[in-house]
Amino acid sequence: MSFLMATSGKLDEATQMGRGVLNTPGALQNPHVVRGLSLAFRALALSKEEFAVYSGSLEYSPSDLSLHTKTFMVAVFHQMYKEQHQTALNISRLSKQDLHMWWVVASLMLEAKFCKQSSQERQLQLTLARRMSEKALEEGKLKTAEELRLYLDVLEMQDAYPQMIDVLAAGGELSAKIGNDPDLVSRRIELLIKTEAYDDAVVAATDALKIRENWVDYKSYVAAIVGKLKTNPTDAGAEQDAQSTVEAACNAFYHWAQIRGRARGAKLALVELRSSIFASGHNALANDAANLFGEQIWLYVDEFSSKAICYKDIMIYFLAHVTDSAAQTVVQERVSFHSEQLQKRIKLIRESAAQSEDNAQSWVNLEKIRYLLQALSNDCSPESWVSDVNELLCYGIDSAQAQKKQPSCSDMTLLAAQRLIQAAFLAFSEPSKRSQLCASLFNALCVLEAGIKLNADSFSLKLYAIRIYLYLSCYERARALYDSLNIKNLQNDTLGFLMVGQGISLGCFINDLEACYEGVDFYDRSKWKVPRELEAVYKNGTFSNLLDFIEFHENLVHSFQRECTHRCALRGEALEIGSQKAVIEKWSLADVVSIDHTEETLATLHDNRDVSVLSLLTPSTMDKWNLEKLTRATPLPGSSWVLINTVVLQIMHYIAVADVDQLETKVKKLLTAAEEAGDSLSVHERTFVRGISQVAMLYIHASDDKQSFSDQMADLTTTILDGLAEPNDTHGAETLSDMALATIRNVSTATEIYTYAATVRFALNEQRSPSAKAVSLSLSQLRKTALQRMSALRSLTNSYMRGAIDEQWASHDVEPFAPVAAFMKSKRRPVVDSVAKSCFAGWSRSVKNLVGLWEQWS
């Protein structure tokens, strides 16, 4: 019965009944009671009680190995490491099985790693785990690579690196297991480097690379060589020895490069070697490496530019070569060297691109390098950024290769769009030029959509299109593209930031709620799924996955995006219009305790959002050239955003339950958080905060003198009506850019604030406040004015916007973007028309939704 209550939402009754049964003498003798009660406590997330069910039942069946195992798995599921350790000991004593002994070792390690305790207690647990592992090794009970990894993890937590090396150098059966496991081989090499046994590390890396290709071992080989050079004396003989060492490494890499399928790794290792010597500052070698490094980069590009991965491989080395590590500045002389090398190659490859896909891919990679070098040279000329865009477009969307859907064409189209976007922000970053900015971004959007039309599977083209549509306040098409990406499972955590919350700010909260609920569902499922995976780790003895699964689980449970998704879902639900009773009940019953945050809890959140997904061609630290940052419609939510949106929900709860003391405290907290947030909040979020504080103050002062009440009501009315400003009768370029950048977001914010104000009206009515009638009358008058303005906005949207897009954006004649606009109109007019229609349809849908919300507030 307790389980049924827990799953039907009767949580308090289920908890009370479950605890009553748990404390009933003899109840846990019945296996059916044990099973049902454990399910109830798990549904209620009462971990201690669930463990008590099984541990209590063991009093009646102390020799039941199956029951002990279930008790252990409950401790594993809830990460109760002390209880897990004790239960594992009992199981090991009872079963005498080797696997269960390793359960004890794993439990000791986790208890030492995660439980709050003294350093002495921690070392005691690790020493015990180590002795048990050593005994197993001596007795031949360490039989698998998984058990060996667990032993190594214990040693590593004690910083016992020499002992780890000894274990990994063991002979016999263990040696074969290590030799057949690339990760263990690589781990030994890394340990040798960590203990500065560089000669041994070189030998071990050489032996490993003779057998198999492994980039980790290449990097370790290079690290060992550089480490060896640093420890050598500085006399003339030592310099000659150093030269010999480097030459030997180069010869080894050249040799491995001759082996079929291994050229790329070995040749990239040569670049890594030159890079590491260059960074080390090793006397004459470093001076030589300055030139050798740059030349080695281009040797690699020449050989592998036909591979799509080439730019990703080599980008970090371009950055390393041109950056003065001491001053953290770009050395323009080195940038010029690379620009000269590029110019020698790019013209020839452009002319031969149509001959083969390999040539075309080489052109793509050289164009990416050109993009990077322009940014590194601080080229702020929009003209130079768009000068060759039409040539890229001719190949990307208007060539025979494009019709064949060759991968290089999508890459080239994306490059053209990236150049247009970059140039737009360089040319029109000032507020007075935002109409030109919108028109230029519209043209970039047309390029992206033309690419998508030819290749509907291009993830990158869609991501950039989503960003620009949202920047221009066009939610509908952005959401359609996002849905086509088929975001699932973990991607809700890494990529959910692209869409979650955008609908609320653009009048499409119902669509936004759907995206939020998908994310919430994923987080709820993972809360149970990952611990189940941990149970499988113990059953199968796959201990190498243990810490990874725990870290993965912690990252999801304390995910930053999880908090953002939940807050957006709650804000979306707040916009659902209901009866007075339903609204007050919703806010009264809202759990505002479990969602609370402090600076300490906010600091524990893990930011798993993948902002690198937009395929940037420059380092993310170069803000002026960071297209991910430039194309953000709103700032990426930070800790202040989470805190603010938590406090807003608490404010509405305390209004519903008439707790004025708590309400005043939360209002102060809200305003302080907004002040400390700085630029991490958008203009509209700041307006929202101001509006919510005014809503709260209206409630607090509702019973004050008439003048005080009128002042509070006037402030709130002004904030809302400012967001519903009447459209300008003089239609021009600014009218269009206002719609794209401000109008819809302003109206959405004002509408959301009014929704919270209506909750105050309901609360005052329920609480029979004398001021309830005055608040209702004021809000009714405000709604009447709002409906008039919304009607004017809808009329403007329907009668003006579609034609204005064609006239001002599709026919963009501002240099240097005019040639691109002309090209798109002449070559891809249907695509241009489609994008214009999508923009208009998105705005129209947003306005229609917002009008509907105001009309429902009767």
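Author: Of the 858 residues of the chain, 55% count as buried, where buried means under 20% relative accessible area, exposed over 50% and partly exposed in between, with a 1.4 Å probe and protein chains only. The model is predicted, so local features need pLDDT of at least 70 and side-chain atom pairs count only at pLDDT 80 or more, while totals for chains, interfaces and linings use all residues. Residues are numbered from 1 along each chain as its sequence is written, and side-chain values use heavy atoms, with hydrogens and water left out.

The chain has 43 helices and 2 strands; these are DSSP runs numbered from the N terminus, helices being H or I of at least four residues and strands E of at least two. Its C-alpha trace spans about 90 × 85 × 50 Å along the principal axes. Counting contacts between residues at least 6 apart in sequence, 71% join residues at least 24 apart, a contact being heavy atoms within 4.5 Å.

Now the rings. The structure holds 28 aromatic pairs. Rings of Phe, Tyr and Trp (its six-membered ring) pair if their centres lie within 6.5 Å; planes under 30 degrees apart count as stacked, over 60 as edge-to-face and the rest as tilted. One of the pairs joins Phe 72 and Tyr 538: the ring centres are 5.1 Å apart and the planes stand at 85°, so this pair is edge-to-face. Phe 72 belongs to helix 5 (residues 65-77) and Tyr 538 to helix 30 (residues 509-540), so that the pair links distant parts of the chain, 466 residues apart. Phe 72 and Tyr 538 are both buried.

Phe 688 and Tyr 756 form another pair, with centres 5.9 Å apart and planes at 65°, so that one is also edge-to-face. Because Phe 688 lies in helix 38 (residues 683-700) and Tyr 756 in helix 40 (residues 733-766), the pair ties together parts 68 residues apart in sequence. Phe 688 counts as buried because its relative accessibility is 1%, and Tyr 756 counts as buried at 1% as well.

Elsewhere, one aromatic cluster is formed by Trp 215, Tyr 218, Tyr 221, Phe 253 and Trp 256.

Rings also meet charges. The charged end of Arg 42 sits over the ring of Phe 77, 3.6 Å from the ring centre. Lys 113 lies over the face of Phe 114, 5.8 Å from the ring centre. A charge sits over a ring if NZ of Lys or CZ of Arg is within 6 Å of the ring centre and within 35 degrees of the ring normal.
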